[in-house]
Amino acid sequence: MSTTDKIEPHLVFTIDLNKGLSEDAAHYLTLISKNGIVRKTPLERLWQIRRSLSTESLIGAILHDDVLGRIRTLIARDTGINLDTADIKAALEQDILKIE
């Protein structure tokens, strides 16, 4: 959960106990146990990983100027066509990421 102006929940992990307790599920349960909360670091690391791999984070990375420039270079090398990074960004947003 984030606590800035309001509490905003974010799913970090789920556990399905109907299928038994897997090693991963047991690990996640220890993160939210009393000892896990006191240690905080492993739970914080898991949260940071999940946040880093969120849709928003990945889209931001894909649409970063450095990545767009590299895509432009690869397309130019493979096709001989020099495209503007704004055109590449628009194509990614519309055709690949389906952002409207």
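**Figure 1. Surface and overall make-up of the chain.** The accessible surface of the chain comes to about 8200 Å², and carbon and sulfur atoms hold 53% of that area; accessible areas come from the Shrake-Rupley method with a 1.4 Å probe, and for residues only the protein chains shown count as cover. This is a predicted model, in which local features need pLDDT of at least 70 and side-chain atom pairs count only at pLDDT 80 or more, while totals for chains, interfaces and linings use all residues. Residues are numbered from 1 along each chain as its sequence is written, and side-chain values use heavy atoms, with hydrogens and water left out. Of the 100 residues of the chain, 14% count as buried (buried is under 20% relative accessible area, exposed is over 50%, and partly exposed is in between, with a 1.4 Å probe and protein chains only).

**Figure 2. Fold and confidence.** You will find six helices and two strands here, arranged along the sequence as β-β-α-α-α-α-α-α. Helices (H or I, at least four residues) and strands (E, at least two) are DSSP runs, numbered from the N terminus. The mean pLDDT of the chain is 84, and 87% of the residues score at least 70; pLDDT is the predictor's confidence in each residue, from 0 to 100. Confidence is lowest in strand 1 (residues 2-3), with a mean of 54, and highest in helix 5, at 97. Among contacts between residues at least 6 apart in sequence, 31% join residues at least 24 apart, where contact means heavy atoms within 4.5 Å.

Figure 3. Leu-17, Leu-21, Leu-29 and Ile-32 make a nonpolar surface patch of about 390 Å². Patches are made of residues with over 30% relative accessible area and no salt bridge; like charges are joined within 9 Å, and nonpolar side chains (Val, Leu, Ile, Met, Phe, Trp, Tyr) within 5 Å. Leu-21 sits in the loop between strand 2 (7-8) and helix 1 (23-31). Leu-21 counts as exposed because its relative accessibility is 52%.

**Figure 4. Helix 5 and the residue that follows.** Helix 5 covers residues 65-79, and its 15 residues should span 21 Å at 1.5 Å a residue; the end C-alpha atoms are 21 Å apart, which agrees. The expected span of a helix is 1.5 Å times one less than its number of residues. Just after helix 5, Gly-80 takes a positive phi of about 80°.

**Figure 5. The salt bridge.** A search of the whole structure finds one salt bridge, meaning a side-chain nitrogen of Lys or Arg within 4 Å of a carboxyl oxygen of Asp or Glu. The partners are Asp-78 and Arg-77, whose side chains meet at 3.2 Å, N to O. Asp-78 is exposed, with a relative accessible area of 56%, and Arg-77 is exposed too, at 60%.

**Figure 6. Asp-84 in its loop.** Asp-84 belongs to the loop between helix 5 and helix 6. With a relative accessible area of 44%, Asp-84 is partly exposed. Asp-84 and Leu-68 are 16 residues apart in sequence, and their C-alpha atoms are 9.3 Å apart in space.

Figure 7. Leu-97 lies in the segment after helix 6 (85-96) and is partly exposed, with a relative accessible area of 23%. Leaving aside neighbours within four places in sequence, Leu-97 is in contact with Ile-59, Ile-62, Leu-63 and Leu-92. Although Leu-97 and Ile-59 are 38 residues apart along the chain, 7.9 Å separates their C-alpha atoms. Lys-98 is found in the segment after helix 6 as well. Lys-98 has a positive phi of about 60° although it is not a glycine, and it counts as exposed at 61% relative accessibility.
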